[in-house]
Amino acid sequence: MNVLVYLMPLALGLGGLGLAAFLWAMRSGQFEDLDGAGWRGIHDPDDERDQT
Amino acid sequence: MDSAVAVAARPDRLEGFLKALDPSTAEIELAVDGIHCAGCIATIEREMGEFPGVVQARLNFTDKRLRVAFRTADANPTALIGRLSDLGFSAHPFSPIRKDDAADVEQRRLLRALGVAGFAAMNIMLLSVVVWAGHDTGLDAVSRDFFHWVSALIALPTAAYSGRIFFDSAIAVLKRGRTNMDVPISLGIMLALGMSVIETLNHGEHAYFDGAVMLIFFLLIGRTLDQAMQRRTRAVAANLAALRAESVTKCLPDGSLRDMAVDMVQPGDVIVVQPGMRVGLDGVIEHGVSDLDQSLVTGETAHQAVRAGDKVYAGTLNLSGLLRVRVLKPYSGTLLADVERLLAKATEARGAYVKLADRAAQLYVPFVHATALLTFLGWLAYGLPWSQALVIAITVLIITCPCALGLAIPAVQVVAAGALFRIGVLTNSGDALERLAATDSVVLDKTGTLTLPSSEIANIAALPPTLVGRAARLALASRHPLSAPIAALAPAASPYPTAREAPGEGIRACDHGQVLKLGSVAFCGAEAEADRLAEIYPEASMVGFSVGDERIVFAIRQPLRPDAAEAVASLKAAGIAVEIVSGDRSRPVAAVANGLGVACWMAGATPSIKVERLHALRSGGRHVLMIGDGINDAPALAAANVSMSPVSATHLAQAQADFLLLGQRLSPAASAIRIAAKAKSLMMQNLWFSVIYNLVAVPIAISGHATPLVAALAMSGSSLVVMLNALRARQAGQKS
């Protein structure tokens, strides 16, 4: 069970990393425009046809 | 609605909308209309980005708002708005003043709490799976205690941070001597955590840290969904306010004129109202003669002649002459006095409605707590030591903690509001869906609700085309609102260069030695023809046109919404009683009612008569939906069980309405009732599911078999079932 000594902090650290990433994403405004992000994803900047 | 301060696009007036980023750059936020797809995003951002002086342009597609940062020396907001207008998008400055309002802060707090709870739930569940598996594979007691302690270390701070949203609400409601769902939730979380800590201290086998944290996580999902729905509503409503920019022309003491936002004008100031403009504020006419279209205020379509000394109300349209008006009330107080009084009374009456969720909580809370108490006493009488009896009683509270119940209603509301949004109905408040579902009567206003706010020529087919063409060319020179539908017929002609406005009468011009006149019937000497037309089109306003001895009269009316008949028919088909209550004269109302096949109608209704009619219907046991747009409808909207307004409605009506119809069509109202009924039935299904869940789970808990594993499975399983069921509300929207 000695393996727990470093596995536990590792597991928590990884989870914490995910949490930090989420909080960072939120702070940098990535949840402000959820619909727009979807549309931007399918837009091809090289496609000149939809440019008016 | 009034959170956004909006003004006309004049350079000197836009200063207040700028946010200085540094001494040489500023940022402005614009509400943009007409964005539909990825192409719009790309076009706007590219064109604005290439605009000289612009540092950055970023479009928020969800809120339909564009944020532009620019160097103040090289660009100005008016030019930016002009460029957008060239691209085909109308844009209006959006006030940054209230942007970071309490709701936005609340939403961010919820998201953070959700993130923390999600992190904690995942990690604790990881540890719990080990402990559960260990029961069978012989995990030693030291390791189990270690896992429990680590879980406690994660769960306790999480509950303190994320759980506070429920604790705060529970404390607030208890202080007022009432109860809601947050009370059993808070109690359940705290008891679960407290008991688990004591169990862990005593090297016990069962700790409920996972259950407590998962409960917080699932319930926060429900809250976040709820907030997301409200946020979208707020964003659309605030954009509407900005797009319907209201400004007035103030007459300064030195005689010069200046445009400004309506809320910057003080009582005692003098404003100038040009023909074709709306009167921005309540006041008294100091100088000038004109006709007013009061349809937005009273529903009356006949025009009222006014002169110096008469009172005018905000929202009325000045038709013919220039008016100087001394303002009596500030913008916030702009309201007919009796409308204000009726509104206050009607809003009070509405307050009696108890939300479904709160009613469920009122039944649920005493039941659950009584069960837990009886369990404790029962086991005590059976001869168990009090500590064990207490543990079992607490597991009853944990397992009945209303996880599914907390999601049952908000999840459906969010999905249904999304379905409504797709058919063009904006939901202002969550509980409005429950009230809309029960609708069995619809009361419609006529002017602006059944009819469109724009005008058409009713008798165009009967008029000689050559004369119409000349009238249209003459109408191009007029700013009178009634001449707009005539001018629209002009065959790409320029206005007559000799056209001159005759104040209060019309417009005249000379062409090839002939005198052309367009204006009031008397001005053109066409009374006989106008009287004849008034018989046929009682709801129409008459505009005369004469060339030499030839005279024609245009009957101009507000056309019915294109699908008004269809909407009324589908309401009737659904077994809903339809009636029209209008402030207009009886002949035009009768004409519309007959055309739509509505047998029950009432004309000449003042705001108080409208409210009385609604009270009469409601006391007759009817559940009434009111659809109206005018200031005169506002008290009736507030007095109805549930209310709806077209998007062209006055601010006041929109503020009272539970739903807004976003397009020109009226039939989404009928579809909305169907979706709401479906949503209500799904809510009830979810509530009943929660009851059944408890009927199964509670006996297990009472018998003392609710281990942490059982609790985790039961709680997450029931929440998932409820959420999946809520998704079925989407189908109701797709069928329509």
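**Figure 1. Cysteines of chain B in the predicted model.** A residue counts as buried when its relative accessible area is under 20%, and as partly exposed when the value lies between that limit and 50%. The structure shown here is a predicted model. C524(B) has a relative accessible area of 2% and is therefore buried. C600(B), at 35% relative accessibility, is partly exposed. A disulfide is a covalent bond between the sulfur atoms of two cysteines.

**Figure 2. An aromatic pair in chain A.** Over all chains, the structure holds five aromatic pairs. One of them joins F22(A) and F31(A), whose ring centres are 5.5 Å apart. Their planes meet at 65°, so the pair is classed as edge-to-face. F31(A) is partly exposed, at 31% relative accessibility.

**Figure 3. Charged side chains over rings in chain B.** K64(B) is placed over the face of F61(B), 4.3 Å from the ring centre. In another view, R473(B) lies over the face of Y496(B), at 4.3 Å from the ring centre.

**Figure 4. The buried side of helix α19 in chain B.** Helix α19 spans residues 564-573 of chain B, and its buried residues are A564(B), A567(B), V568(B) and L571(B). These residues cover an arc of only 95° around the axis and so lie on the same side of α19(B). Among the elements of chain B that cover them are the strands β16 (441-444) and β23 (577-581), together with the helices α14 (446-450), α20 (586-596) and α24 (668-702). Just after α19(B), G575(B) adopts a positive phi of about 80°.

Terms used: Residues are numbered from 1 along each chain as its sequence is written. Chains are lettered from A and ligands numbered from 1 in the order in which they are written. This is a predicted model: local features need pLDDT of at least 70, side-chain atom pairs count only at pLDDT 80 or more; totals for chains, interfaces and linings use all residues. Side-chain values use heavy atoms; hydrogens and water are left out. Rings of Phe, Tyr and Trp (its six-membered ring) pair if their centres lie within 6.5 Å; planes under 30 degrees apart count as stacked, over 60 as edge-to-face and the rest as tilted. Buried means under 20% relative accessible area, exposed over 50%, partly exposed in between (1.4 Å probe, protein chains only). A charge sits over a ring if NZ of Lys or CZ of Arg is within 6 Å of the ring centre and within 35 degrees of the ring normal. Helices (H or I, at least four residues) and strands (E, at least two) are DSSP runs, numbered from the N terminus. The arc is that of the directions from the helix axis to the C-beta atoms. Contact means heavy atoms within 4.5 Å.
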